[in-house]
Amino acid sequence: MISPELLRRYPFFGGLSHDQLVELAKVGSEEAVDAGHYFFHERDELDHLYLILEGAVAVVIEIPAENTHQSVADQYNRQLHTTDVVISAIGPGEVFGISALIPPPVASAGAKATTPCRVVAFNSSELLQTFAQDCAFGYVMTQKIARVFRERLHDMRIESLAQVAR
């Protein structure tokens, strides 16, 4: 468990009641990782929503590596040689792993620490149980998550345009 007061500092949690912050804090644990750490890869099953306390994280998608022979068998077996493209760079106060709260909880992109990071990892199955018991809380959090999705889709569109321009 973490302190609810820690969460109160971040705008993402603005508008939540003290009781709701306590419920979030109960399922959160603080973690520290080194630069280069992958929290998860695209298509991984997710079990945590993350809040960045310190450091920076790149939301990445994998694309086939250029100038590399890719056999049909490699493509079929998802054994492609890939490279990461950053679609969003996020920092303190921002959340990622948001697909953990949307069934099925599968990552639509990867997340990689670009600097040493401190994060809060929220157990998503416990969060979803809490939301099922308090639908108003679940609704508010769903609205917050939807805003993050919208921002990340915008970031991805901008990155796509930048790739085309190159």
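I count a residue as buried under 20% relative accessible area, exposed over 50% and partly exposed in between, with a 1.4 Å probe and protein chains only. At 1% relative accessibility, Phe 96 is therefore buried. The model is predicted, so I note that local features need pLDDT of at least 70, side-chain atom pairs count only at pLDDT 80 or more, and totals for chains, interfaces and linings use all residues. Residues are numbered from 1 along each chain as its sequence is written, and side-chain values use heavy atoms, with hydrogens and water left out.

**Aromatic pairs**

I looked up ring pairs of Phe, Tyr and Trp (its six-membered ring), with centres within 6.5 Å; planes under 30 degrees apart are stacked, over 60 edge-to-face, the rest tilted. The structure has eight aromatic pairs. Tyr 50 and Phe 96 are stacked, because their ring centres are 4.9 Å apart and their planes are at 10°. Tyr 50 belongs to strand E3 (residues 48–54) and Phe 96 to strand E6 (residues 95–96), so I took the element definition as DSSP runs, helices being H or I of at least four residues and strands E of at least two, numbered from the N terminus. The two residues are 46 residues apart, and the pair links distant parts of the chain. Tyr 50 is also buried, at a relative accessible area of 8%. Phe 131 and Phe 137 make an edge-to-face pair, with centres 5.0 Å apart and planes at 85°. Both Phe 131 and Phe 137 are buried. I also found one aromatic cluster formed by Phe 39, Phe 40, Tyr 50 and Phe 96.

**Nonpolar cores**

A nonpolar core is a set of buried Ala, Val, Leu, Ile, Met, Phe, Trp, Tyr and Cys residues joined through side-chain atoms within 4.5 Å. The largest has 25 residues, and those touching the most other members include Leu 7, Leu 49 and Phe 122. Helix H5 (135–165) is among the elements that each supply at least two residues of this core. H5 gives the largest share, four residues. A second, separate core has 21 residues, including Leu 46 and Val 119.

**Lys 144**

Which helix holds Lys 144? I found Lys 144 in helix H5. Lys 144 lies over the face of Phe 12, at 5.9 Å from the ring centre; the criterion is NZ of Lys or CZ of Arg within 6 Å of the ring centre and within 35 degrees of the ring normal.
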